[in-house]
Amino acid sequence: MKIFAFKKGIIAGALCLATMAGQATDGYFGVGYGTINKGLAGAGIAYYQGSLINGNPAGVVFLGKQYQASLELFNPNRQFTVTGNPSGADGSFGLTPGTVESDSKYFLMPTLGANWMLGEQASLSVSVFGNGGMNTDYPTAVFYDPSSESTGVNLGQMFGNVTYALKLGEGHSVGVTGVLAYQYFEAEGLKMFGDMGMSADPSNLTGNGKANSTGVGFKLGYMGKIANGLTIGAMYQSKVLMSEFDEYAGLFAEQGDFDIPASWTAGFSWDINDDFTVMADVKQIFYGDVKSVANPMMNMMTAQLGMDEGPGFGWEDITVVKMGVSYAGMDKWTLRAGYSIGENPVQESEVLFNILAPGVITNQLGFGFTRDLGEKGKQLHFAINYAMNEDVTGSNPLDPGQTIKLEMNQLEVEFGFSF
């Protein structure tokens with residue numbers, strides 16, 4: 001009956017997540033997943049305690065039977081500044097000077113997970129979580145769309161992971177995850193790009209409401225203790241192949257294709273003593289393999305929006321380093337801290353289109369704790385993350401006398417409960 005009730009909760013949580021906008025930290029992925037992992041700023045690929053929510057699939061077999069739920073308040077702050085007046089030259093596309101802040105600044109993000117042991121050597125787990133995304137909602141016609149009073153995009157993603165993990169002797173394990181993904185997208189305020197002949201399908205460029213997409217992928221993971229107190233871990237997540245956003249086939253390259261990029265992570269955790277653990281990870285995300293994200297904007301010189309080589313956001317692959325510490329030397333308390341630093345996927349040459357998706361954050365701090373409630377493994381978790389203000393400035397490629405500055409910071413606060 002408990003398992004049945006929890007599965008009902010997972011379904012309800014999925015429906016909630018499908019209406020939530022996402023984070024933009026490691027590009028458009030979250031800095032971490034689950035309250036424990038976020039308190040470490042996403043570090044811990046070799047730290048099984050934070051593995052249930054989109055962590056290393058090899059780690060969950062060490063958790064035992066466990067249920068987790070969390071709720072996050074997410075506050076992203078996005079804005080852009082245009083400096084310099086439009087030139088008015090033939091063929092130019094200048095923007096109105098000034099600073100514009102995005103609305104829609106607060107979001108709630110629930111997360112659910114469960115792990116069941118299959119004997120002593122194997123486990124099966126299920127988790128449902130939001131995977132980041134992109135959201136902007138500028139209260140003005142940035143690109144002079146006469147049919148819309150606002151400009152922006154809204155990409156939300158929700159994942160459902162099913163994981164099987166198996167112990168391989170003492171202190172070693174492997175895991176495999178089947179990844180089910182759902183995403184939605186809508187855009188408004190982009191009609192002028194169609195009027196200028198930049199879209200291969202102007203009727204499916206903007207203002208078509210919410211489009212839906214589904215897809216599948218997989219994850220593979222390994223975790224192993226190689227010396228006393230020293231554990232290593234590694235994980236590979238495949239590209240998630242998504243169905244096309246048909247209603248936006250005239251916006252995204254490859255007729256509305258928007259696959260979710262592959263990534264890998266490797267790292268270690270070291271128990272310095274019984275109470276103090278340090279950990280570090282390296283992660284790489286392959287945005288360059290998704291044309292709708294990676295194609296440079298100036299591809300417009302040879303291809304229209306929506307074509308295979310049509311303009312995109314010009315994002316590049318990024319590498320992220322994450323470091324974390326955990327201290328359990330206080331009665332019933334565990335304290336955590338972490339720091340994440342990464343490359344910026346947004347280049348100076350790509351600032352015009354990235355007004356819609358200013359995923360420019362590169363540095364993030366995390367702090368958290370767990371309070372043992374002392375009954376049947378019940379624990380209360382807390383994490384707070386601050387993504388430090390970051391900006392990218394470049395010339396308007398369609399009116400080079402102007403400069404465009406993209407700017408973003410964000411705050412996340414999450415409470416979790418496990419038993």
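What follows is a short exchange about a predicted model.

Colleague: Which residues have the most contacts inside the largest nonpolar core?
Modeller: The model is predicted, and that applies to each answer here. The largest nonpolar core has 65 residues. Strands E1 (66–83), E4 (122–135) and E5 (152–167) are among the elements that give two or more residues to this core. Those with the most contacts inside it are Phe143, Phe185, Phe193, Leu251 and Ile355.

Colleague: What does isoleucine 355 touch, not counting residues up to four places away in sequence?
Modeller: Isoleucine 355 is one of the residues with the most contacts inside the largest core. Leaving out residues up to four places away in sequence, its partners are Phe80, Leu95, Thr136, Tyr138, Phe143, Ile404 and Leu406.

Colleague: How many residues are in the second, separate core?
Modeller: This core includes Ile36, Leu40, Ala43 and Tyr47. It is separate, and its count is 5 residues.

Colleague: Are the rings of tyrosine 287 and tryptophan 315 stacked or edge-to-face?
Modeller: The count of aromatic pairs comes to 31. In this pair the ring centres are 5.1 Å apart. Planes over 60 degrees apart count as edge-to-face. The planes here are at 90°, so the pair is edge-to-face.

Colleague: How many residues apart are tyrosine 287 and tryptophan 315?
Modeller: Tyrosine 287 is in the loop between strand E11 (276–285) and helix H5 (291–294). Tryptophan 315 is in the loop between H5 and E12. Both are buried. The pair links distant parts of the chain, 28 residues apart.

Colleague: Where does the charged end of lysine 210 sit?
Modeller: The charged end lies 4.4 Å from the centre of a ring. A charge counts as over a ring only within 6 Å of the ring centre and within 35 degrees of the ring normal. Lysine 210 sits over the ring of tyrosine 184.

Colleague: Which element gives the most to the lining of the largest pocket?
Modeller: The pocket has a volume of about 730 Å³. It is lined by 34 residues, and the closest to its centre are Tyr47, Tyr48, Gln49, Asp271 and Thr277. Elements that give two or more residues to the lining include strand E7 (211–227), strand E10 (263–271) and strand E14 (363–372). The most, 3 residues, comes from E13.

Colleague: Is lysine 283 buried or exposed?
Modeller: Lysine 283 is found in strand E11. It touches Asp26, Trp264 and Ile318, among others. Buried means under 20% relative accessible area. Lysine 283 has 13%, so it is buried.

Colleague: What is the relative accessible area of glycine 34?
Modeller: Glycine 34 is in the loop between helix H1 (2–17) and helix H2 (35–39). It touches Ile53 and Glu414, not counting residues up to four places away in sequence. Its C-alpha atom is separated by 8.4 Å from that of alanine 69, 35 residues apart along the chain. Glycine 34 is buried, with a relative accessible area of 6%.

Colleague: Is threonine 111 buried or exposed?
Modeller: Threonine 111 is in strand E3 (residues 107–117). Its contacts beyond four places in sequence include Ile53, Gln68 and Ala69. Its relative accessible area is 9%, so threonine 111 is buried.

Methods. Residues numbered from 1 in each chain as written. Predicted model: local features only at pLDDT ≥ 70, side-chain atom pairs only at ≥ 80, totals over all residues. Heavy atoms only, no water. Core = buried A, V, L, I, M, F, W, Y, C linked by side-chain atoms within 4.5 Å. Buried < 20%, exposed > 50% of the residue type's maximum accessible area, 1.4 Å probe, protein only. Helix = DSSP H or I, 4+ residues; strand = E, 2+ residues; numbered from the N terminus. Contact = heavy atoms within 4.5 Å. Phe/Tyr/Trp six-rings, centres within 6.5 Å; stacked < 30°, edge-to-face > 60°. 1 Å grid on protein atoms, 1.4 Å probe; cavity = no way out; pocket = protein on both sides within 12 Å on 5 of 7 lines; lining within 4 Å. Points joined across faces, edges and corners; volume = space filled by probe spheres on them.
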